[in-house]
Amino acid sequence: MNCPRCGRPLAEGEICNCSANDFPTAPAAPTAPEAPIFPPAEPAAPAAPFTPPVAPQSDYVPPYTPPTAPQQDYYQQPGYPQPAPVTPAAPVLARTDYPEGYKIKKKYVAVLLGATLGALGIHNFYLGNQSKAIAQLLICLVGSLLFGLGAVAASVWALIETVQLLTEDIDKDANGFKIMTFEESLVKTRMEAEKKLDE
């Protein structure tokens, strides 16, 4: 029987005193390097510069249109001076510089006359509009002979003027003086009463 380490023949039951360090061991076979789990990334190629898309060329050519002369107003004649534009006149405001002894017209009186006897033009007589009052009176009286159509027309006319008085579309009498509102009438009456008390 031989020693498995040194190869010396041994008697039966004999143990060899050699050690593994006494004999050179054969060099280990070189092992192949382990392949990496993830292969190295390849360097990215440089990006190409951006070029905007070019529209495909078309062979279409628009038809020729000759230049047109500037449009001229039909009423505008060349070589003649043009009239200045007409500006609307400013509305005439009602006057409040009542003369001494002037009888100021009151709105509530005109409204009551227009709502009750407006078809006869009484409210226009009160405000001093004599021509309108006479026209309403004639339409109401003469037109009543034609199946009462004149009275209806005069009543509608009076109703429109009554609404205009309420909304202050009509705010002055025939002389251009302001029609006194109900609040102004109360203030004037109170001032006159206080003046009499002071005297």
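Contact here means heavy atoms within 4.5 Å. On that basis, residues 24 or more positions apart account for 43% of the contacts in the protein with a separation of 6 or more.

The structure is a predicted model, in which local features need pLDDT of at least 70 and side-chain atom pairs count only at pLDDT 80 or more, while totals for chains, interfaces and linings use all residues. Residues are numbered from 1 along each chain as its sequence is written, and side-chain values use heavy atoms, with hydrogens and water left out.

**Architecture and burial**

The protein has five helices and zero strands, and its elements run α-α-α-α-α from the N terminus on. Helices (H or I, at least four residues) and strands (E, at least two) are DSSP runs, numbered from the N terminus. Of the 199 residues, 18% count as buried; buried means under 20% relative accessible area, exposed over 50%, and partly exposed in between, with a 1.4 Å probe and protein chains only.

**Nonpolar core**

A nonpolar core is a set of buried Ala, Val, Leu, Ile, Met, Phe, Trp, Tyr and Cys residues joined through side-chain atoms within 4.5 Å. The largest one consists of six residues: Ala110, Val111, Leu127, Leu165, Ile170 and Ile179. Leucine 165 is in contact with Lys107, Ala110, Val111, Leu127, Ile170 and Ile179, when its neighbours within four places in sequence are left aside.

**Salt bridges**

A salt bridge is a side-chain nitrogen of Lys or Arg within 4 Å of a carboxyl oxygen of Asp or Glu. Four are found in a search of the whole structure; three of them are described here, among them the pair formed by lysine 107 and glutamate 168.

| Lysine | Glutamate | Closest N to O |
|---|---|---|
| Lysine 107 | Glutamate 168 | 3.2 Å |
| Lysine 178 | Glutamate 184 | 3.5 Å |

Lysine 107 and glutamate 168 form a salt bridge. Lysine 107 lies in helix H1 (residues 107–117) and glutamate 168 in the loop between helix H4 (149–166) and helix H5 (182–198), so this pair ties together parts that are 61 residues apart in sequence.

Lysine 132 is partly exposed, with a relative accessible area of 31%, while glutamate 161 counts as buried at 5%.

In the pair of lysine 178 and glutamate 184, lysine 178 is partly exposed with a relative accessible area of 23%, and glutamate 184 is partly exposed with 33%.

**The loop between H4 and H5**

Glutamate 168, in the loop between H4 and H5, has a phi near 65°, a positive value in a residue other than glycine. Most residues other than glycine have a negative phi.

Threonine 181 lies in the loop between H4 and H5 and is buried, with a relative accessible area of 10%. Not counting residues up to four places away in sequence, threonine 181 touches Lys107 and Glu168, the two partners of the 3.2 Å salt bridge. The C-alpha atoms of threonine 181 and lysine 107 are separated by 5.2 Å, although the two residues are 74 residues apart along the chain.

Phenylalanine 125 is placed in helix H2 (residues 122–127) and counts as partly exposed at 32% relative accessibility. Leaving aside neighbours within four places in sequence, phenylalanine 125 is in contact with Leu120, Gln130, Ala133 and Ile134. Its C-alpha atom is separated by 9.7 Å from that of alanine 174, 49 residues away along the chain.

Asparagine 17 is found in the segment before H1, where it counts as exposed at 75% relative accessibility. The C-alpha atoms of asparagine 17 and cysteine 6, eleven residues apart along the chain, are separated by 9.8 Å.

**Largest pocket**

On a 1 Å grid over the protein atoms alone, a pocket is an open set of points where a 1.4 Å probe fits, with protein on both sides within 12 Å along at least five of seven lines; lining residues have an atom within 4 Å of a point. Grid points are joined across faces, edges and corners, and a volume is the space filled by probe spheres set on the points. The largest pocket has a volume of about 160 Å³ and is lined by Tyr98, Pro99, Glu100, Gly101, Tyr102, Ile104, Lys188 and Glu192. By class, this lining has four nonpolar, one polar and three charged residues, where Ala, Val, Leu, Ile, Met, Phe, Trp, Tyr, Cys and Pro count as nonpolar, Asp, Glu, Lys and Arg as charged, and the others, Gly among them, as polar.
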